[in-house]
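Subject: A structure for you to look at

Hi there,

I am passing a structure on to you, with some notes on what turned up in it. Please have a look at it first, and then read on.

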Amino acid sequence: MKVIAEGAASGKIILMGEHAVVYGEPAIAMPFAATKITATMQEASQDQLTSNYYSGSLAEAPANLLNLQNLIGKLRQDFDAPPVDCRIVSTIPAERGMGSSAAVAVAVTRAFFAWQEIPAEQARVLNYVNGAEQIAHGNPSGIDAAATSGQQPVFFQKEQPLEPFQLNLTGALIVADTGVKGKTRDTVQDVATLLRLQPEKTRAAIRKLGQLTRAARIAISDNQPATLGELMNQAQTLLQQLSVSDASLDHLVQVARNNGALGAKLTGGGRGGCMIALAKDRHAAEIIANQLENAGAKATWIQELGVCQYV
């Protein structure tokens with residue numbers, strides 16, 4: 001057992017397929033390493049947690065940290081480990097659709113395995129993370145756990161295995177936070193209502209979002225950033241039709257496009273939360289990010305993409 005050990009995980013974004021994924025269409029999630037969570041772990045006299053959200057005895061943590069309580073308890077029980085002092089530092093904004101709860105579970109599990117000097121195979125890590133996510137979200141798809149713990153985009157379709165695939169794309173992604181908490185539960189319910197009231201039009205939009213997502217997978221794999229940008233723009237128009245965008249998102253999307261983005265759209269549940277934009281390179285991304293902040297974005301992050309080097 002090490003004296004102290006560290007584990008980390010990235011944030012994640014839904015690149016394409018929001019809401020349509022609920023109805024059997026595919027979605028693409030990507031690790032977003034510009035935001036991350038780091039956890040450190042060492043022995044203590046009793047389980048302690050230090051974080052931006054709560055610091056103190058883990059046993060007395062608020063109810064919305066039950067997933068973390070259970071995760072640490074199960075890890076300790078399964079490997080007969082002593083009480084822990086767990087410290088978490090995060091740059092992933094909470095309740096913005098960027099996978100913060102899954103990333104915490106990934107970072108804590110990796111830190112525990114490193115502390116106990118146990119091999120941290122991906123399947124073993126995900127087993128514990130998915131258990132924590134079930135407590136946090138009831139019936140998670142597994143896409144957040146896979147994206148925050150991996151290094152590749154993930155193609156996901158309900159009742160199908162997750163499919164990591166190769167990122168082969170020049171450019172850079174910008175994520176901008178509207179500063180408004182996303183309203184995923186409301187938007188999911190409202191799309192269901194729209195499907196009941198306007199079935200043909202709504203089904204057509206959902207099917208089209210699925211088609212755009214499949215095309216986006218090809219664009220990402222074949223280094224077609226301009227094509228991907230146009231697919232993102234088309235997806236945003238459909239998401240607006242489904243009533244899941246709002247004025248804060250529409251405003252930042254337009255600012256990004258006006259300042260050279262190849263494409264821009266909301267990411268996640270909508271009506272607040274974050275938007276994403278694709279730029280041709282890092283310099284262009286910095287210009288767009290600066291303009292987004294000038295236009296009211298509470299924070300921006302940039303992740304450079306890259307072309308695979310095939311042997």
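How far apart along helix α2 are Phe112 and Trp115? They are three residues apart in α2 (residues 100–116), so about one helical turn separates them. An α-helix has 3.6 residues a turn, so residues three or four places apart point the same way.

Before I go on, a word on the ground rules. This is a predicted model, in which local features need pLDDT of at least 70 and side-chain atom pairs count only at pLDDT 80 or more, while totals for chains, interfaces and linings use all residues. Residues are numbered from 1 along each chain as its sequence is written, and side-chain values use heavy atoms, with hydrogens and water left out.

**Aromatic rings**

The structure holds six aromatic pairs. Rings of Phe, Tyr and Trp (its six-membered ring) pair if their centres lie within 6.5 Å; planes under 30 degrees apart count as stacked, over 60 as edge-to-face and the rest as tilted. Phe112 and Trp115 have ring centres 5.7 Å apart and planes at 70°, so theirs is an edge-to-face pair. Phe112 is buried, at 1% relative accessible area, and Trp115 is buried too, at 0%. (Buried means under 20% relative accessible area, exposed over 50%, and partly exposed in between, with a 1.4 Å probe and protein chains only.) Ring pairs also join Phe79, Phe112, Phe113, Trp115 and Tyr128 into a cluster.

Lys12 lies in strand β1 (residues 4–16) and is buried, with a relative accessible area of 4%. What does the side chain of Lys12 join in a polar contact? The partner is the side chain of Asp144, at 3.1 Å. (A polar contact is a pair of N or O atoms within 3.5 Å; within protein, one must be able to donate a hydrogen and the other to accept it, and residues adjacent in sequence count only if both atoms are side-chain atoms.) Leaving aside neighbours within four places in sequence, Lys12 is in contact with residues including Ala29, Phe32, Met98, Asp144 and Thr148. Contact here means heavy atoms within 4.5 Å.

Glu25 is in the loop between β1 and β2 (27–43), and is buried at 14%. Its side chain makes a polar contact of 3.3 Å with the side chain of Arg214. Not counting residues up to four places away in sequence, Glu25 touches Phe156, Ile206 and Arg214, among others.

Helix α6 (residues 199–221) has 23 residues, which should span 33 Å at 1.5 Å a residue; its end C-alpha atoms are 34 Å apart, which agrees. The expected span is 1.5 Å times one less than the number of residues. Buried residues of α6 include Ala205, Ile206, Leu209 and Leu212, and what covers the buried residues includes β1, β2, β8 and α7.

Helix α8 (residues 247–258) has 12 residues and reaches 16 Å from its first C-alpha to its last, close to the 16 Å expected. Leu249, Leu252, Val253, Val255 and Ala256 are buried in α8. They cover an arc of only 160° around the axis, which puts them on the same side of α8; the arc is that of the directions from the helix axis to the C-beta atoms. On the other side of α8, Ala247 and Asn258 are exposed.

**Positive phi angles**

Gly260, which follows α8, has a positive phi near 100°. Asn223 follows α6, and its phi is also positive, near 55°, although it is a residue other than glycine. Asn223 is partly exposed, at 28%. Asp80, not a glycine either, has a positive phi of about 50°. Asp80 lies in the loop between α1 (66–79) and β5 (84–90) and counts as exposed at 71%.

Best wishes

How values were computed
Helices (H or I, at least four residues) and strands (E, at least two) are DSSP runs, numbered from the N terminus.
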